[in-house]
Amino acid sequence: MRQRPGHLIRSGWLRNLMRHSNIMVDVGKWPIFTLLSPQEIASIRKACVFGTSANEAIYITHNDEVFVFGLNCSNCLGTGDSQSTIVPKKLEALCGKKISSLSYGSGPHVVLCTEDGEVYAWGHNGYSQLGNGATNQGVTPVQVCTNLLLKKVVEVACGSHHSMALSFDGDVYGWGYNGNGQLGLGNNGNQLTPCRVAALQGVCVFQIACGYAHTLALTDEGLLYAWGANTYGQLGNGNKSNQLSPLQIMMEKERVVEIAACHSAHTSAAKTQSGQVYMWGQCRGQSVVLPHLTHFACTDDVFACFATPAVMWRLLSVEQEDFLTVAESLKKEFDSPETSDLKFRVDGKYIHVHKAVLKIRCEHFRTMFQSYWNEDMKEVIEVDQFSYPVYRAFLEYLYTDSVDLPPEDAIGLLDLATSYCENRLKKLCQHIIKRGITVENAFSLLSAAVRYDAEDLEDFCFKFCVNHLTEVTQTTAFWQMDGPLLKEFIAKASKCGAFKN
């Protein structure tokens, strides 16, 4: 009799792997989420974009409320009606349920499980992929009770028109369409209610994934099983014959730690303990019948490259971790009195910095602090040749790689960048000035471009002045131009035909 090491799933590396749904994501990158306000976006903790055209979405807030919006094909929003909505609607039946895993099929139909192990389903049901014994569409989330009430389900997965569930003790339940053997029952008869995959007796499964018409299962020992359709070699066993029962797939004797598949593709992927990512099946029209080593860093990249449309194949987390990257840490410590070891005083105001950061980021400061300059021994350095906004923006740039200044101040920063030979900063300043040019400041900016030898910016400002000649010649800045520069502008503008009329 096998032992069921269910306790292992809650500890160590197995626990971490079971959290494969908690991938960090910026939902703002997904087109459908542009329908939401910034406040709604900020409330999101987990999200999933789904549907045949990526036109439906479900998200869970920090308060554990569940909202849906989108096209509502096949009642897949679960709102009780067939109406599409661009305004998020709350699914009261799921609020507070603590959804832990969610998947969806082609209809689409949606299946999810909660932290308490309950399974809910709704949407398309032509093959009873909702597991309720019927074939009518599910218009609201309904708990899947048959054969699952006594099981704590920890993960769900959906193929095109079939559904799978994984229990806490390692059993796999499937239901729905089975024409290609994707339920792993040893036959190709459809299943109206959840049925245990008996062929996996003797192994403890801790992850499942479904492609369009095939299924993958990963055991706690790192072994991979596959079954179902194999037209594109998506089972990874070296041929293209369908498989009605689970078949172990060889993975170069290395332990597999994650598997992936998506209902919209005939593709499979796996990640090994050493971090290598393999893919097989449909690959840009080609058939890859054995696991192929990729250059990807994670299984998600396989589907970012090969799956269409731009849907999510698993529930993704938007939760912010405490961990900060090097860049984020540097940005956070700029002008921090607690950790700084040097202060600049500009226009009577202090800016707190770190000598090491300045030496690493800027040749000017590297020379200053590694030679016999007087500044190397000071705790406070006075700066009088630049304004406070300009010098602060420069120091902040060294911590963040970015600049946020109005174009008038960017002129002063352009002067500083020229003095300190910071060529990238010069380009950033020129970009800010170009973006902020107006009739009122055009001649001032042109003068600055000439003064700081910024040829590209000078050309841009000159063309702007010529294109708006009547307006800019009536500004104060035009009449304040020094004589030689004014003459040069008039001569150059004349050559361009500015005064023909």
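Mentor: Thr 299 lies in helix 3, which covers residues 299-306. Helices here are DSSP runs of H or I with at least four residues, strands are runs of E with at least two, and both are numbered from the N terminus. The model is a predicted one, in which local features need pLDDT of at least 70 and side-chain atom pairs count only at pLDDT 80 or more, while totals for chains, interfaces and linings use all residues. Residues are numbered from 1 along each chain as its sequence is written, and side-chain values use heavy atoms, with hydrogens and water left out.

Thr 299 has a relative accessible area of 0% and is therefore buried. The term buried means under 20% relative accessible area, exposed means over 50%, and partly exposed lies in between, with a 1.4 Å probe and protein chains only. Beyond its neighbours within four places in sequence, Thr 299 is in contact with Glu 258, Ala 260, Ala 269, Ala 270, Lys 271, Val 277, Trp 313 and Arg 314. Contact means heavy atoms within 4.5 Å.

Trp 313 also provides a reference point for Gly 186: their C-alpha atoms are separated by 27 Å, and the two residues are 127 residues apart along the chain. Gly 186 sits in the loop between strand 11 (172-176) and strand 12 (191-196). With a relative accessible area of 38%, Gly 186 is partly exposed. Residues up to four places away in sequence aside, Gly 186 touches Leu 244 and Ser 245.

Residues 117-169 are 0% helix and 43% strand, with the end C-alpha atoms 12 Å apart. For residues 170-221 the values are 0% helix and 44% strand, and the end C-alpha atoms are 12 Å apart.

Helical packing comes next. Two packed helices are described by the angle between their axes and the distance between the axes. Axes are lines fitted to C-alpha atoms, for helices over the stretch in contact, and angles run from 0 to 180 degrees between N-to-C directions. The axes of helix 8 (residues 407-419) and helix 9 (residues 423-436) come within 9 Å and cross at roughly 160°. These two helices are therefore roughly antiparallel; angles under 35 degrees count as roughly parallel, over 145 as roughly antiparallel, 65 to 115 as roughly perpendicular and the rest as oblique.

On the side of helix 8, the residues that meet helix 9 include Ile 411, Leu 414 and Thr 418, and their partners include Leu 425, Cys 429 and Ile 433. The contact of helix 8 with helix 9 divides into 10 nonpolar, 3 polar and 1 charged residues. Ala, Val, Leu, Ile, Met, Phe, Trp, Tyr, Cys and Pro count as nonpolar, Asp, Glu, Lys and Arg as charged, and the others, Gly among them, as polar.

Helix 11 (residues 455-467) and helix 14 (residues 483-495) pack at about 70°, with axes 11 Å apart, and are therefore roughly perpendicular to each other. Glu 458, Phe 462, Cys 465 and Val 466 of helix 11 make this contact with Glu 488, Phe 489, Lys 492 and Ala 493 of helix 14. By class, it has 5 nonpolar, no polar and 3 charged residues.

Helix 10 (residues 442-451) has 7 of its 10 residues buried, so it is largely enclosed by the rest of the structure. The buried residues are Ala 442, Phe 443, Leu 445, Leu 446, Ser 447, Ala 448 and Ala 449. They pack against helix 8, helix 9, helix 11, helix 12 (469-472), helix 13 (476-479) and helix 14. Just after helix 10, Asp 453 takes a positive phi of about 60°.

Met 481, in the loop between helix 13 and helix 14, counts as buried at 8% relative accessibility. Neighbours within four places in sequence aside, Met 481 is in contact with Phe 443, Leu 446, Ser 447 and Leu 486. Met 481 and Ser 447 are 34 residues apart in sequence and 7.5 Å apart in space, C-alpha to C-alpha.
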